[in-house]
Amino acid sequence: MTPTPQQAAFIEALVSTTSNIALVARAGTGKTTTILQGVAAYHAAHPDHEIVVCAFNKAIADEVKEKLVKAGYPWQKVQGSTIHSLGFGLVKFVFKSKVDANKVRDMIRARNEPIYQQYGAQISDLVRYAKGAGFGFFDAIGDNAAWYALADHYDVNGLDDTSEMDAIVAAAQDIYRASLAHTDVVDFDDMILFPLVKNLRVKFTKDLIILDEAQDLSKARQALARKFLKPGTGRMIVVGDDRQAIYGFSGADAQALENLTNELNAVTLPLTVTWRCPKAVIREAQKIVADIECATDNEGEVHHTGELPAELLATDAILCRNTAPLVTIAYSLIRKGVACKVEGRAIGDGLLRLVDRWKVSSVDQFIRKLEDYRQREIQKAMAKNNEAKVEEINDRVETLLQVCLAVTAKGQHSLTAVRDFINNLFSDDVRGVLTLATYHRSKGREWNRVFLWEHATRCPSRAAKQEWQKLQEQNLAYVAITRSKNILTFVN
């Protein structure tokens, strides 16, 4: 492809300057193509330099690797990777480690004290989140306040007696330290954490590191990427869309792209012309992000209606700010014989953890436990003036109640049926059937027709009080709107 003027400006800066660069790429603007064009030009100009393109996840990294191989670059000079893979390379070289995703769980099970047996799930969650936050590198492992803040931020709840938290935090710190000492085996989080905490030396630093999806990187991932940069002469190219930063609640640095740009003193270049969305959709997106532009002559369509169409296709998507309405819609569609899935296996796994929380076997017993859980956790959240947590709790409980309703409507009354329903409904990377997804889970995807369910009443969330929360709600709306390749319909 012939580069657009914006792509050409990026390539020129990459080849003819020595600056770090922040490429702010709006939705659907062809950033992967632009990155690969930049790699081609830079490698031609500096064939002896080592380049690594860091994708956000393994699937995208594999896609980038395949394209780099097809382009014929020597693998010693041009590589595609994830930051996790770079970190694991260091860990494996130094410690000869093997990977075991259940490392922390097995450590907890090996402890005989009651606190580990009763609150093993909460201890495991705390340890996982602490690793992602880089405890021992950014914060002291023994900083109790940091652990409590972590528990609040990630909703590590479910404690009938809040006074147990001191013992749970102490147990989590114990497991955390034991995990750091146990270097023969590493989990996914250790791949990022170990090189930082143990200050592992990077033998082969890079001349050029390109960080894709930079707006979603945690502080630990950012730090590890910088560790691989060649001192003095190495350059960092951060690529992302600050208006697609929507994971501030889950460990990503809400200001990652801005922070990296400032820390690197990077030159900011735009990529604003989208090839995905038609003109009518872009006009909607411009109400939120003014600089996004349309590259095509396709006018497209934007509609406002009170109901879904009679015919829905496998190339369509129904998106909603919250999960519970999607389960209601899905069950209604399934009863009509419409094949559909809800995007997000992790959402299903989270629901299953709550299903398995109490020693009950019937749906009726579970509903009583669930309502008691809702009241208790909401009261705790309200006491902390945390309305966002209240909304999360309500959405989770309402989702499970909708599942229970669907199960009992079929004459089934066991929790086994609830588990089966969840396992069958939630999936990753849904293809070939109608997709239902939250705005968060829709990121990175695109469909011909997109239906935004109850957008006007659900986005922004009424629980968004802080400025960063309000901004992320705007970002969510922008992400949802820009998933459409042709027709966008607001269903209110």
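Helices in this account are DSSP runs of H or I with at least four residues, and they are numbered from the N terminus. The model described here is predicted.

In general, an α-helix has 3.6 residues a turn, so residues three or four places apart point the same way.

The structure holds seven aromatic pairs. In one of them, the rings of F95 and F194 have their centres 6.3 Å apart and their planes at 80°; because planes over 60 degrees apart count as edge-to-face, this pair is edge-to-face. F95 belongs to helix α4 (residues 83-95) and F194 to helix α10, so the pair ties together parts that are 99 residues apart in sequence. The two partners can also be described by their accessibility: F95 is partly exposed at 21% relative accessibility, whereas F194 is buried with a relative accessible area of 0%. A further pair is formed by F135 and W147, whose ring centres lie 5.2 Å apart with planes at 85°, so it too is edge-to-face. F135 is found in the loop between α7 (120-133) and α8 (144-153), and W147 in helix α8 itself, so this pair ties together parts that are twelve residues apart in sequence. Both F135 and W147 are buried.

The charged end of R111 sits over the ring of Y116, at 5.8 Å from its centre. Likewise, the charged end of K219 sits over the ring of F138, at 4.5 Å from its centre.

The next element is a sheet. Seven strands form an open sheet in the order β11-β17-β16-β12-β15-β13-β14, with parallel pairing. Its edge strands are β11 (301-305) and β14 (426-427), each of which pairs on one side only. Within the sheet, strand β16 (residues 447-453) and strand β17 (residues 484-491) pair in the parallel sense over six bridges. The bridge partner of R449 in β17 is I487.

Strand β15 of this sheet spans residues 434-438 and contains T435. Leaving aside neighbours within four places in sequence, T435 is in contact with D316, A317, I318, K341, E343, V430, R445 and W447.

In general, side chains of opposite charge can pair when their charged atoms come close. The side chains of E343 and R441 meet in a salt bridge with an N to O distance of 3.5 Å. This pair links distant parts of the chain, with E343 in strand β13 (residues 340-343) and R441 in helix α19 (residues 439-442), 98 residues apart. E343 counts as buried at 5% relative accessibility, while R441 is partly exposed with a relative accessible area of 30%. A network of salt bridges links E343, D428, D429, R431, R441 and R445.

The count of salt bridges comes to 39. One of them joins K206 and E50, whose closest N and O atoms are 3.2 Å apart. K206 lies in the loop between α10 and β6 (208-211) and E50 in the loop between α2 (31-45) and β2 (51-55), so that distant parts of the chain, 156 residues apart, are linked. Both K206 and E50 are buried. Another salt bridge is that of R321 with E473, with the closest N and O atoms 2.8 Å apart. R321 lies in the loop between β12 (316-320) and α14 (324-335), and E473 in helix α21 (residues 467-481), so the pair ties together parts that are 152 residues apart in sequence. R321 is buried, with a relative accessible area of 12%, and E473 counts as buried at 7% relative accessibility.

How values were computed
Residues numbered from 1 in each chain as written. Predicted model: local features only at pLDDT ≥ 70, side-chain atom pairs only at ≥ 80, totals over all residues. Heavy atoms only, no water. Helix = DSSP H or I, 4+ residues; strand = E, 2+ residues; numbered from the N terminus. Contact = heavy atoms within 4.5 Å. Pairing = 2+ DSSP bridges. Salt bridge = Lys/Arg side-chain N within 4 Å of Asp/Glu carboxyl O. Buried < 20%, exposed > 50% of the residue type's maximum accessible area, 1.4 Å probe, protein only. Phe/Tyr/Trp six-rings, centres within 6.5 Å; stacked < 30°, edge-to-face > 60°. Lys NZ or Arg CZ within 6 Å of the ring centre and 35° of its normal.
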